[in-house]
Amino acid sequence: MPFNDHYVIIGNGPAGNHAARTLRKKDKDAKITIISDERVPYYYKPKLTNFIADEIAKEDLMVNFLNSYKAKDIRIRLGQEVERIDSESKTLFLQHMEKINYSKLIIASGSRARVLPAMSRYANHLKFVTSYTDVMAVKEEIRKAKDFFIFGGDLVGFKFLRLLNSMGKTVTILIYPNAFWPYNLTDNMLAQITESLSKFKVDVIVKDDISIIDDKNGLYRVKTQKGIEKNVDMVFSFNGLIPNIDFAKGSGVDIDHGILVNEYLKTNVDSIYACGSCAQIYNPSIKSYTTSIGWPNAVVQGEVAAFNLLGDHKIIESVGRKYFDLEGVKIKTIWWEDIDDEV
Amino acid sequence: MKEFNIIIEICGSAGEGTISAGEILSRFMSGQGFEIMSFDSYPAEIRGFGKCVAHTRISTNRIYSPGKLADVLIALNDKHSISQLSALKENGLLIYDSQPPRPHKEDKSVVGWAKPGMISYGIPLNMLAHKAAGNARGMNMVALGAVAALLHVDQHGFTDSIKVRYGKKKQIVIDSNVNSFLEGYNWTEKNIKKIDPHSFKGMTPSKQKEKLIINGNQLVAQAALVANLSFYAGYPITPATKIMEILSRELPKHGGVLLQTEDEISAIGAVIGAGFGGKRAMTATSGPGFALMTEFTGLSVMAEVPAVIIDSQRAGPSTGMPTKTEQSDFNSAVSGGTGDCPRIVLAPTDTKSCYEATILALYLAEKYQTLVVVLLDFFLSNSIRNINIPEKPSSKYLDANIAPDKNDLKDYQRYKITKNGVSPRAIPGTPGGMFFSTGLEHDVYGRPNYSEAGHLEMTQKRFAKFNTVLSEAPAPEISAIDRDEFDIGIISWGSSAGAAHETVMSAQKEGINASSFSSMMVSPFPEKALIEFADKCKKILIPELNFSGQFASFATQILKRPVERLNFITGRPMASEDILQKMRDM
Ligand SMILES: Cc1cc2nc3c(=O)[nH]c(=O)nc-3n(C[C@H](O)[C@H](O)[C@H](O)COP(=O)(O)OP(=O)(O)OC[C@H]3O[C@@H](n4cnc5c(N)ncnc54)[C@H](O)[C@@H]3O)c2cc1C
């Protein structure tokens, strides 16, 4: 039997799927496997907020272009977490104790919610909106709840705030300008945002911090250091995303905040590439690494990683410049975009 | 009350407690007021080998068939469960062991094969079983606990069911099982973020009358006992053995006798002997045993001695596939054997009618002094239902022999020609009631007679019984009788009838104007009713579990028009999904 390559991709987001699609286009014979610890097929994270509000159904949340993995002969393994990589033997160790051998590996494991150190002791009380699973855990509760507290924020946090407002909920938001994600907010920006939020039914708290969150009979009491006290049904945290890289520790792949890759998206290990929001990419012009953010970047990087894995030498470039409208403040972004359906 | 319908399969290796977990699940759900139907499949080999699947359908509504694809698959064994994934719905739930005792080689874990769309939940089944009881034996209970938590089932009611199931065992066994269940429940509740919509919340149907959880074999045995069976002879064979097993225990308590013979020829010989002696007698077997019995069945018809054979069909020919269901003994039951040999054949269509058919068989055999075959199959024998406690038969069914009166005994003609073919039958020992009885063609006294006219007259007599027998048959079941015309009529028999009736309901929801027809009595067949039904249908479909369409060929001769056939020999019961697909294509 002829030996076929086995390309394995960790991650079922835009980076992973575009990598798989590109690999299949270029190599008809290789075995291609996508592994994801999430239990649902490829979906639009940016539409999660619309899904919470029932503006779209589950079917509309799903990305369709790869719904026929079978036709493309791409093996998809869902609900299976990669626990460890052994780059010497080219083996992945899955949480359910299955070993998988790869000939080349693309890490596209994305990112998860960042919990600010000051908030970590309240982690049990906090809710997140970073994945379908998170959302399924809170969707019904959100529908029933009346009063919300948001620690924020980040770009998603503001999207969520608008959503709650449109659902007629009462919201308090505590903005951390110095921990805003992905950039800190200037005083000017903060003032503009606060002004813009005044048209909503929102209490905005700035220049303050949490002193206590406790849970009483299913209600949360949130108290700030300046003595503001709120009783709410749910407490959400939106403080940006951090790369999912725990499983790569000890594998021999260099890591900082994310997985370190050169401008060709290759790690220090020959057969391993990384792309999307788990990657920290070397930028020769500034001689430094930057973490990748946003859907369009993940798409492009997935494709480039696949090309290079197959022997090409494409240098990663950021997708076109955009301005993101954050409550009236134009934030210049080369990475964040409103996502329409993929074709 | 919303309609709720879910199919849960447990798949493991023989000896892993797959079947007992399924049983506990069924009992618990029945106790909660749900309709249940469960069907286990397992290998014929000894314990410790091979794949077992416990399939349970749970519904708030009447269940007609076990359903084809499961909503939930609990994988106790990765190897066997990989092949069972094809029986899980595209959006089904897979529950698997996430912490097996040894690492899997690539592709040897079931979760690796789950299709996108399926939702898999990894539970450390093995680890939790060890934690609860120090060994892996309780994995099945851990898995039930996990399912109960995932589907929001009341844990207290469930643990009560476990206690009942193991009630006769030592306390340590009961505790280990309950603890394993609770470990699975609590771990899942704490660790699994559920993302599927399946839930029993708010689905508690109103409590019904006390139900009996029982399979076809058990009902046959129970029916035989209430219908005054006094003699059983048999030779064990899958899937009929259970009938003999129960009767070996129960029949002596009722004053009867059970005889295990050296083979099936001997068994039917003994049954005919007992019948000749005036006792209600029967045997139960499967295809290969029935083949041997045909040696003797002609004697029952020729000598007009009551005899009842239960034939639980399995996949054939020959030894075939003992633990797989099939409906391929139709020809052999209706016309197997030598000569023009009319016999009554009943084919119960569901678990409950196994009871009715057995009582009817013993009654008809006695009244019409002939052979009655009851055609069950592996599925009917083994699938478990919760049914209302069946009623005792009226006295009419308990003593049906037409004994000779004084006048008859003056010049006793055992084979007297009568209008309905039935002659008064004297039990040996009746003063004046002596007669000849052999397998030879005979005259009215039973004396051998080979004359042209005599053979014709006696053959006509034996067939004449058929005319009245039909009037004793339960009316055919016809769904959607209120319409005059149907695009498709499904004609089915035996265990396929449930799936056919269910299909009619789903077809109508899709706008296909359909109806279905089935008759428990298949020989003689209610031909007039069948023709009347078929005349209302533009097209006819006959689904059955055999390769050659045995019943379809039989029905075509009656209908004298082409029919569509749908034949499966997968070893699995008929599925309404498959019938519906065929109807869409017609
Ligand atoms: C609520 C929300 C709204 C957003 N809105 C926008 C927007 O409007 N515009 C925009 O441009 N961007 C938006 N984003 C960001 C965008 O979704 C991400 O940048 C993008 O999804 C990153 O793609 P990725 O493929 O790198 O990673 P992800 O999409 O995060 O996918 C990572 C995958 O890796 C898997 N994985 C992780 N660890 C493991 C492991 N150990 N084993 C197996 N699998 C693993 C995960 O299950 C997942 O399938 C939003 C994000 C969120 C959460």
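Two strands count as paired if DSSP finds at least two bridges between them. The views below come from a predicted model.

View 1. Strand 4 (residues 82-86) and strand 5 (residues 91-94) of chain A run antiparallel. Four bridges hold the pairing.

**View 2. Domain 1 of chain A meets domain 2 of chain A.** The assignment gives chain A a domain 1 made of two segments, 6-110 and 244-322, and a domain 2 spanning 113-241. Their centres, taken over C-alpha atoms, are 30 Å apart. Each domain puts 15 residues into the contact. The buried area is about 1,300 Å², and carbon and sulfur atoms give 74% of it. One salt bridge is counted between the two domains. Four residue pairs are in polar contact, both residues at pLDDT 80 or more. On the domain 1 side, helix 2 (48-52) and helix 3 (58-61) of chain A each give two or more residues. Helix 2 of chain A gives the most, with four residues. The domain 1 side divides into nine nonpolar, one polar and five charged residues.

**View 3. A:Asp54 and A:Lys139 form a salt bridge.** Their side chains meet at 2.7 Å, N to O.

**View 4. Chain B packs against chain A.** Chain B brings 26 residues to the contact and chain A brings 23. Together the chains bury about 2,000 Å², with 51% from carbon and sulfur atoms. B:Glu106, B:Pro116 and B:Ile195 supply 31% of the area that chain B buries here, more than any other three residues. Three salt bridges cross this interface. In one of them, B:Asp107 pairs with A:Arg75, and the closest N and O atoms are 3.2 Å apart. Polar contacts number 11 residue pairs, both residues at pLDDT 80 or more. Strand 6 (residues 119-123) of chain B gives the largest share of the chain B side, three residues. That side divides into 12 nonpolar, seven polar and seven charged residues.

**View 5. Domain 2 of chain B contacts domain 4 of chain B.** Chain B is divided into four domains: domain 1 (5-191), domain 2 (216-397), domain 3 (406-471) and domain 4 (477-585). The centres of domain 2 and domain 4 of chain B, taken over C-alpha atoms, are separated by 26 Å. Domain 2 of chain B gives 26 residues to the contact, and domain 4 of chain B gives 24. About 2,000 Å² is buried between them, 64% of it on carbon and sulfur atoms. B:Gln327, B:Phe330 and B:Thr349 supply 38% of the area that domain 2 of chain B buries, more than any other three residues.

**View 6. Polar contacts and secondary structure where domain 2 of chain B touches domain 4 of chain B.** Zero salt bridges are found across this interface. Polar contacts number 13 residue pairs, both residues at pLDDT 80 or more. Elements giving two or more residues on the domain 2 side include helix 11 (330-335), strand 12 (344-346) and strand 13 (371-377) of chain B. Helix 12 (351-368) and helix 13 (378-382) of chain B also belong to this list. Helix 12 of chain B gives the most, with five residues. The domain 2 side divides into 13 nonpolar, seven polar and six charged residues.

Conventions:
Residues numbered from 1 in each chain as written. Chains lettered and ligands numbered in written order. Predicted model: local features only at pLDDT ≥ 70, side-chain atom pairs only at ≥ 80, totals over all residues. Heavy atoms only, no water. Domains from an automatic or database assignment. Contact = heavy atoms within 4.5 Å. Buried area = accessible area lost by both parts, 1.4 Å probe. Salt bridge = Lys/Arg side-chain N within 4 Å of Asp/Glu carboxyl O. Polar contact = N/O pair within 3.5 Å; in protein donor to acceptor, adjacent residues only side chain to side chain. Nonpolar A, V, L, I, M, F, W, Y, C, P; charged D, E, K, R; others polar.
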